Amino acid sequence: MTRECAVLLPGVCAALADPRQPGLDDTCLEKLLDWFRSLTWFDPTVELVQDNPCLTELLSSVLALPDPSPGLLSFTLQLAGILASSESRFQHLQQEKLLGRLFGAEGPRGGAAWEDAAVRSAWLKGAHSMLHHLPALHCLCSSGGMDVIFALQGDPSLFVASAASQLLVHMLTFSLESETPKALSTKDCNWPGCAQMIVKHIKESLQSSSASHIEQSLKLLSSLFGSCFGSCYAAWTEVLWLDIAKQIESFLLEETVQAQPLLANLLLNVARSPAFCGTEGSFWALVTSALEHLTPVQAGPLAVGLLKLCKCPQDVRIQALTVLLQPMDCILRAASQPLECAGLLDESVSDPATVESLLSSKTSCAGLLCQTLTHLEKLLSLKHLRVDLPCVSLLHSLMTILQFCNGFLSPPSPLGSTISRNLINCFRVQKSALDVLAALSEKKDCDTLIGSLFDVLLAYLQSPNTSPTVLKKTFQATSKWLVRLQELSSSNSQRQQTEKILEDVLVVLQKRLCSPCWEVRDSSLEFLTSMVKCLRDQKEFRQCLLSSEVLRLTENLLEDPESYVRASAVTAVGHLAPFTCFAPEPPVSGNQYSKESIVAKLQEILSTDSEGFPRRAVISIFTKWLREGCTGQLEDTEQFVSRVIQTVEHDLDWEVRLGGLELVEAFCSQTICQLSQCPYAPVSSAVTSPTPQNELLQVFCRAKLFGFLFGSLCDCDKPVGQRACDVLVGLRGHFYPMSTLENPQEIEDSPAGRGIAWLQRTLRQGSLAQNFPVDGDVGVDFQDPESMMLALGAIDLLELHDELNKSSDHVEESPQSLLQDILAAVGTIEDNEVDCY
């Protein structure tokens, strides 16, 4: 603790304990607790409380109050726990007889204040902070604290109940770590004192007739096995599991037990423990039983979790996959009568009638399918799935679901008709199915169904009943499958199929670009951009696109009344430009798609659009063009960059200004590579190659880069200043090796040097004039190469870099500032300057 803080602390403690003072807000108290946590973490000695007796006086004063506020009492409990986190401070507080009065029977847990959930939560947090040494553990166990924690497991406040469960997990783990003799074999072990109390409580609760007690114990067990206990104490994990396994098995078989939904999470956490690495044993038999007896909704999370485990036995893994595929299998079988295709499964894990019943119910059908589809999408995203997915049948099932949802399939079977009625216009299921459909595009087994698949996708793209959110998902899936389609276009017949599909897609896209719904226009433009990114090198795609009306409609949307659409249109035009107007011989005749007209339109948006989104999109596209070499020769690029930065430097949107700096950075890198003899390499000396260096500086000065960069250093939005400083530091590294930096004192004699010195002082103050700085007769010419060379060498850019990268609250949120704020808030200091958090 600093001397300044030690001087302020007694006043703060006195103010906190004074009942006449208004209570401080919770934010200040939390910040104060955070400070004490950091103090005690780095210094476990007793000196903190001995050198600052005001802390124990605060605890005593609060205990002496007849009716302390819940906020103050909560703060005091947590502070006491933090202070007692080291054994020496714990003993000191025990000698003062403070901990018993706070955490013992005579403390707040027996009074009216206990009715407040914040006090109960603070008691648990304080106890948790304290439990880092055996004396604290024994104190809590001997003072009746364990019964309090057990009771708080069932607290009506979820925060309190969760804190109680976390504390018990910590206590059991700490008890094993501290109380177990090193030579003891845990195979013939007895649980140490505190751990024995917790395990006994768990077993008794599991055998209780109270459903809430059973539920609490199952949650506690899940937390235990899911914590470091399950991974660091494998032998103890096995001992605990053997003690409760029979009871868990009985819950699985008793279908009336309300705790069944918690069993899946418990079993999954146990399965992750190293104690059950083997492929044999009663545990995996119990997992198999759970997959059979839990409902499909309950078993789904367990099944997908098991499939992610590398050590799960293969027969259990196959059974878990079967559980996930059962609803998809039922969909396939319900879609045709008689059955035209085999289902996904040869046999089911549980009774198929259960799944059929859930899919037949209006209330459960969508929920089961959405859960199943979400799980399947997770599995498809895994790089190494240790079981084979029947991708073709799965794709067939997905197409069936989508046809059910839009009413395009009317199966003759009674079950199919019921499911179809349940799913009609069900947006949730449509979106989930389309997500899985997109993920399946990576699987090469599904190529035989690609024609039928695009029939389904086109039906969704064409249908007026497709909602905007579902249409967006359809576009995303279509984009993925178009890439797969292009990969297959080897034979003439396949190329004809590809061209036909592309033509159909572009016809639908033209219609959607004219939609009265702005979300649809926006999604259509995003889809177009995605297609261009993926298919720009494909001849068939370019031909179909250039012969359609898509280009004209897209350019028209640059003037759309909705700013999001204008921004998406800018992005689409920007991606189309490389082969519509920047190609050596643009394939589109006429002036409409000329380079000059497109650039002029985007520059107009950048300078005049009232919304930030389109302007951000323009600067992003300009940077993309620059990096891809679309802007022409160096002279053209120089003029282009100069015009852009003169536009963006006064933009009110900081993201546009930041985009301008990214453009400048790309221009600098590109120019250095073009003009330097060895691209990417810094010059060995400032004087060895004067011609390339001078030419570089002249290019940058003509483009007016330095004025923009130095002005951005003092931008009111910190990310802009940071990026400008990064660019300048990079330039300085190119023009000046570290050993050749200019000496500021040596250059001040020249007129340019005096201007640079002035600029250094101005930058340290953190402000530049709008029209670049003039101090009396001393000015800075940002377009003079000599001046800018001096500026790069003399100004301490690294110091500025450090200042800009400091947290904005590095002063305001210091402990000293916090203590001053508290004193100011309670009116005990005259200068009432409270920091604004």
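## A572 and its contacts

Beyond its neighbours within four places in sequence, A572 is in contact with L525, L528, T529 and T554. This is a predicted model. A572 belongs to helix α31, which covers residues 563-580.

A572 has a relative accessibility of 1%. Buried means under 20%, so A572 counts as buried. K533 is 39 residues away from A572 along the chain. The C-alpha atoms of A572 and K533 are 9.7 Å apart.

## The chain overall

The protein chain has 43 helices and 2 strands. It runs to 837 residues, and 53% of them count as buried.

## Helices α12 and α13

Helix α12 spans residues 193-206, and helix α13 spans residues 211-226. Their axes come within 8 Å and cross at roughly 135°. Angles over 145 degrees count as roughly antiparallel, and 65 to 115 as roughly perpendicular. The crossing of roughly 135° therefore makes α12 oblique to α13. The crossing of α12 past α13 is left-handed.

Which residues make the contact? From α12 come H201, I202, S205 and L206. From α13 come H213, I214, S217, L218, L220, L221 and L224. By class, the residues of this contact are 7 nonpolar and 4 polar, with no charged residue.

## Helices α19 and α20

Helix α19 (residues 314-335) packs with helix α20 (residues 352-360) at an angle of about 75°. The axes of α19 and α20 are 10 Å apart. The angle makes α19 roughly perpendicular to α20.

Helix α19 contributes Q326, P327, C330 and I331 to the contact. Helix α20 contributes P352, V355, E356 and L359. The contact of α19 with α20 has 6 nonpolar residues, 1 polar and 1 charged.

## S463 in a loop

Where does S463 lie? S463 sits in the loop between α25 (450-462) and α26 (468-488). Is S463 buried or exposed? Its relative accessibility is 11%, so S463 counts as buried.

The side chain of S463 has a polar atom 3.1 Å from the backbone nitrogen of N465.

## Two residues with positive phi

Most residues other than glycine have a negative phi. N425 has a positive phi of about 60°, although it is not a glycine. N425 lies in the loop between α23 (414-423) and α24 (427-440). Its relative accessible area is 42%, so N425 is partly exposed.

K704 is not a glycine either, and its phi is positive at about 60°. K704 is placed in the loop between α36 (690-702) and α37 (705-712). At 34% relative accessibility, K704 counts as partly exposed.

Definitions and conventions:
Residues numbered from 1 in each chain as written. Predicted model: local features only at pLDDT ≥ 70, side-chain atom pairs only at ≥ 80, totals over all residues. Heavy atoms only, no water. Axes fitted to C-alpha atoms, helices over the stretch in contact; angles between N-to-C directions. Helix = DSSP H or I, 4+ residues; strand = E, 2+ residues; numbered from the N terminus. Parallel < 35°, antiparallel > 145°, perpendicular 65-115°, else oblique. Left-handed = near helix turned anticlockwise from the far one by under 90°. Contact = heavy atoms within 4.5 Å. Nonpolar A, V, L, I, M, F, W, Y, C, P; charged D, E, K, R; others polar. Buried < 20%, exposed > 50% of the residue type's maximum accessible area, 1.4 Å probe, protein only. Polar contact = N/O pair within 3.5 Å; in protein donor to acceptor, adjacent residues only side chain to side chain.
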